[in-house]
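Hi everyone, thanks for coming. Let me put the structure up, and then we can walk through it together.

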Amino acid sequence: MKTIEITIPGSKSLTNRAIVMASLSDGLSKISNISNSLDSQIMIKAIKKLGIKIKTKKNELQIMGNQGIFKKFNGSIDVGNAGTVTRFLTSLVVLIPGRVVFNKSKRMRERPMKELDEALKKIRTGKVSVKGSISSQFITSLMMIAPVLNKGLVINITGRKISSSYIEMTIDLMKKFGVKVEKFGNKKFVIKKQSYRPINYVVESDLSGASYFLGIAAVTGKKIRINVNPKSIQGDVKFADILGKMGCLVKKNNLEQSIEVKGPKILRGITVDMVNMPDTAQTLAVVAAFAKGKTKITGLSTLKIKETNRLLALKNELGKMGIKNQTTNNSITIYGGNPKKAVIETYGDHRMAMAFAVAKLRIPELIIKNPKVVKKSFPEFWNIFNSLIL
C-alpha cells in the first residue's frame, strides 16, 4: 500500500508562546517554521502595535526583545476570536504604562477571563492563586510575564489542573529561552526574576493539526505519515496511541521525526480520558462514529467554553449523521455505526470543520458549512485535504 506523506505546518500554540517570550528577551530571536494561522497573525500585529520590533521573512520572524520594558501606550488592540492572544496579552499589558483596550469578538467576550483578571490584580505581591479547572491559558499567561516582574511570581494552583500538557509546553519553551521554572508537584510554580535570552527556535509541527489526517487514515484504511516529533512535549502527540487502541497500526520514527498510521478493517470503540488533549477530542468523536461499539470520551469540561460549546455542537452534528450519542458536562459517548450524509454546521469553530472533514473522505456528499473558518489555526488545511482525494 502506498504511504501518503503529509507536511504539517508549525504549531499555533508554540508560535504564539515563542512570540511573547522573544518579545520579553534581551536581544534578537529568530523564530522559524511559524504558524500561518489567523491567531498568530493577530498576535504579531498586536505585539508590533505595542512597540516590539518584528521582521517577517517567509515563515520566519526576527523579534527584538525589550526585556519587558515597554513605552507608554494608550489605545486599542484587535484580538478577535483568538483565545491565546487575548489571554497572553492580558497579562503582558500589565507591564505597559497607559491604558489598553482589547477589541474582542462576541464569542471571545463570552469566554472566561475573570480568574485571570483577579490574579493580575495581585501580581505585584509576587504571589497569586489560580483555579486550575478553567483554562491552562491563564496559568501560561502568568508564567510568561513572571521572569520580568520585580519579585518574580509564585503561582499556586487550586482545584484540579486541566490541560496540563499545555502548561508543560510553556515550561519547556521557557527553558529553551533560558528561564527556569521551579515545580512543586502540580500545585505550585515558582519563577524568580531572570532574563529571557534570545534564541533561534524552530517551531514544531502542530500535532492538533496532525490529528485530522491521522483520523482520516483511521477511517479510510489509508496509510498516512506525518512529519511530527514522536517525542514532542505537545499533549496531542498521544492521539496516535489512542488510534492504536482502536485497532490502527501505528509506527513512530524518532530518527525521521515521523508518525505513521494505517487504518484497520474494523475500528473498535474505546473509553479514553482526554483531559490533557481536549483539542483533539472532536477528531476522535468523528473517528468513533465509524467504529464498532461504544466510545466514551471523558475529561472534556473545557469544551463548553471554547470557540463554541463543542460538546453540544458534536451532539447535534453527529446526530444529523444518524449517530446516536450522549453528552454530560464532562464527556461524550458515541455509539458507532454507519454515518450518513448531512449538512454540518461549524458554529464558527475551526476544529468542527476539520474534525468533520475526517468523515467527508468516507462520505463525499457530506457538506461542511463555512469551511474557511479553518484559517484560525490551519489555513493550509483544505489544500492538504484535497490532495488526498486525487
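Before going on, some housekeeping. This is a predicted model, where local features need pLDDT of at least 70 and side-chain atom pairs count only at pLDDT 80 or more, while totals for chains, interfaces and linings use all residues. Residues are numbered from 1 along each chain as its sequence is written, and side-chain values use heavy atoms, with hydrogens and water left out.

Okay, back to glutamate 182. Its side chain meets that of lysine 192 in a salt bridge, at 3.7 Å from N to O. By salt bridge I mean a side-chain nitrogen of Lys or Arg within 4 Å of a carboxyl oxygen of Asp or Glu. This pair links distant parts of the chain: glutamate 182 is in strand S9 (residues 182-184), and lysine 192 is in the loop between strand S10 (188-191) and strand S11 (200-202), 10 residues apart. When I say helix or strand, I mean DSSP runs numbered from the N terminus: helices are H or I with at least four residues, strands are E with at least two. Lysine 192 itself is exposed, with a relative accessible area of 55%.

How many salt bridges does the structure hold? There are 14. The general idea is that side chains of opposite charge can pair when their charged atoms come close. One of them joins glutamate 118 and lysine 121, at 3.2 Å from N to O. Glutamate 118 is partly exposed at 33%, whereas lysine 121 is exposed at 62%.

Another one sits in helix H11, where lysine 320 and glutamate 317 are three residues apart, about one turn of the helix. Their closest N and O atoms are 2.9 Å apart. Remember that an α-helix has 3.6 residues a turn, so residues three or four places apart point the same way. Glutamate 317 is buried, with a relative accessible area of 0%, while lysine 320 is partly exposed at 38%. There's also a network: salt bridges that share partners join Asp279, Arg310, Asp349 and Arg351.

Two of those names come back when we look at serine 208, in helix H8. Serine 208 is buried, at 5% relative accessible area. Leaving out residues up to four places away in sequence, serine 208 touches Tyr166, Asp236, Asp279, Thr280 and Arg351; contact here means heavy atoms within 4.5 Å.

Now for the inside. A nonpolar core is a set of buried Ala, Val, Leu, Ile, Met, Phe, Trp, Tyr and Cys residues joined through side-chain atoms within 4.5 Å. The largest one has 71 residues, and Phe213, Leu243, Met274, Phe356 and Phe381 have the most contacts inside it. Which helix gives the most to this core? That's H8 (residues 207-220), with nine residues. Apart from this core lies another, of 67 residues, among them Leu24, Ile42, Ile167 and Met174.

Four strands form an open sheet in the order S15-S16-S18-S17, with mixed pairing. Strands count as paired if DSSP finds at least two bridges between them. The edge strands are S15 (271-273) and S17 (325-327), each pairing on one side only. S15 and S16 (residues 294-298) run parallel and are joined by three bridges. Helix H11 (residues 310-320) lies across S17 and S18, at about 165 degrees to S17. For these angles, axes are lines fitted to C-alpha atoms, for helices over the stretch in contact, and angles run from 0 to 180 degrees between N-to-C directions.

Last stop: threonine 295, which lies in strand S16. Threonine 295 is buried, with a relative accessible area of 0%. Setting aside neighbours within four places in sequence, its contacts include Met246, Gly269, Ile270 and Ala288. That's my tour, thanks!

Key. Buried < 20%, exposed > 50% of the residue type's maximum accessible area, 1.4 Å probe, protein only.
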